[in-house]
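The following explanation is intended for a reader who is new to this structure. Please keep the sequence and the model in view while reading.

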Amino acid sequence: MVRQAKAQRMLTHDQIWSALDRLAARAGLSPSGLAKRAGLDPTTFNRSKRVTSDGRERWPSTESIAKALTAAGSSLETFVRLIEDGPGDGRSVPLLGFALAGASGAFDESGFPSGKGWTEVTLPTAADSHTFALEISGDALMPTYRDGDIILVSPGAPIRKGDRVVVKTRAGELTVATLKRRTAKALDLQPLDAAQPERAVVASDVAWMARIMWASQ
């Protein structure tokens with residue numbers, strides 16, 4: 001009698017890391033945001049840590065995965081499904097920390113990501129080809145956005161009165177606010193803290209403005 005061996009499917013390096021990316025996205029976090037929430041070093045799940053300098057694959061530890069699942073409020077069964085189901089409808093978009101987004105060279109003249117420092121995050125929502133993500137740091141945008149939250153920004157989306165926007169001035173200042181009015185001469189912006197007064201920005205001082213399409217909660 002000939003016994004037919006049952007083929008065993010082996011998990012790959014890419015499958016495990018992709019599942020961690022999707023776990024972070026389900027929680028509305030970047031990989032570094034998930035690591036921080038799990039009590040790990042913020043760089044634990046960064047792409048730069050997934051392969052050593054000599055090209056060897058580095059795998060996440062079972063302890064770090066367990067802590068990530070707890071931080072995301074998910075079970076091991078959920079993680080297994082994330083491995084098996086693949087990336088689904090989400091896709092990777094460029095990601096940069098909000099504190100770095102005002103730096104010179106982070107964006108081109110049209111407000112699209114440029115230069116070094118950008119990583120990637122997989123988000124559970126459709127996005128156009130120019131969409132990018134910013135990771136909030138600190139409490140300056142509380143209570144609307146918390147430390148570690150991610151906002152999805154689209155330079156190509158139409159902007160209407162009442163939309164939340166990211167505005168960058170030619171001086172390099174980056175502002176998140178609600179657009180109250182736009183004229184040929186100025187933008188009237190309402191800070192996310194409704195107790196603060198509206199702010200007028202001269203149109204000629206604006207480098208670009210982009211609409212916030214989605215935010216983690």
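The paragraphs below consider a helix, a group of aromatic residues and a pocket in turn.

The model is a predicted one. Helix α1 covers residues 13-26, a run of 14 residues. From its first C-alpha to its last, α1 reaches 20 Å, close to the 20 Å expected at 1.5 Å a residue. Of its 14 residues, 10 are buried, so the helix is largely enclosed by the rest of the structure. Among these buried residues are His13, Trp17, Asp21 and Arg22.

Attention now turns to the aromatic residues. The structure holds 6 aromatic pairs. One of them joins Phe107 and Phe132 in a tilted arrangement, with 5.2 Å centre to centre and 55° between the planes. Because Phe107 belongs to the loop between β1 and β2 while Phe132 belongs to strand β3 (residues 132-135), this pair ties together parts that are 25 residues apart in sequence. Phe107 is buried, with a relative accessible area of 9%, and Phe132 is buried with a value of 0%. Phe132 also forms an edge-to-face pair with Trp118, at 5.8 Å centre to centre and 80° between the planes. Trp118 is itself buried, with a relative accessible area of 16%. Together with Trp208, the residues Phe107, Trp118 and Phe132 form one aromatic cluster.

The largest pocket has a volume of about 400 Å³ and is lined by 20 residues. Ser32, Asn46, Leu95, Thr119 and Glu135 lie nearest its centre. Helix α2 (31-37) and the strands β1 (91-97) and β2 (119-123) each supply at least two lining residues. By type, the lining divides into 7 nonpolar, 9 polar and 4 charged residues.

Terms used:
Residues are numbered from 1 along each chain as its sequence is written. This is a predicted model: local features need pLDDT of at least 70, side-chain atom pairs count only at pLDDT 80 or more; totals for chains, interfaces and linings use all residues. Side-chain values use heavy atoms; hydrogens and water are left out. On a 1 Å grid over the protein atoms alone, a cavity is a set of points where a 1.4 Å probe fits but cannot get out, and a pocket is an open set with protein on both sides within 12 Å along at least five of seven lines; lining residues have an atom within 4 Å of a point. Grid points are joined across faces, edges and corners, and a volume is the space filled by probe spheres set on the points. Helices (H or I, at least four residues) and strands (E, at least two) are DSSP runs, numbered from the N terminus. Ala, Val, Leu, Ile, Met, Phe, Trp, Tyr, Cys and Pro count as nonpolar, Asp, Glu, Lys and Arg as charged, and the others, Gly among them, as polar. The expected span of a helix is 1.5 Å times one less than its number of residues. Buried means under 20% relative accessible area, exposed over 50%, partly exposed in between (1.4 Å probe, protein chains only). Rings of Phe, Tyr and Trp (its six-membered ring) pair if their centres lie within 6.5 Å; planes under 30 degrees apart count as stacked, over 60 as edge-to-face and the rest as tilted.
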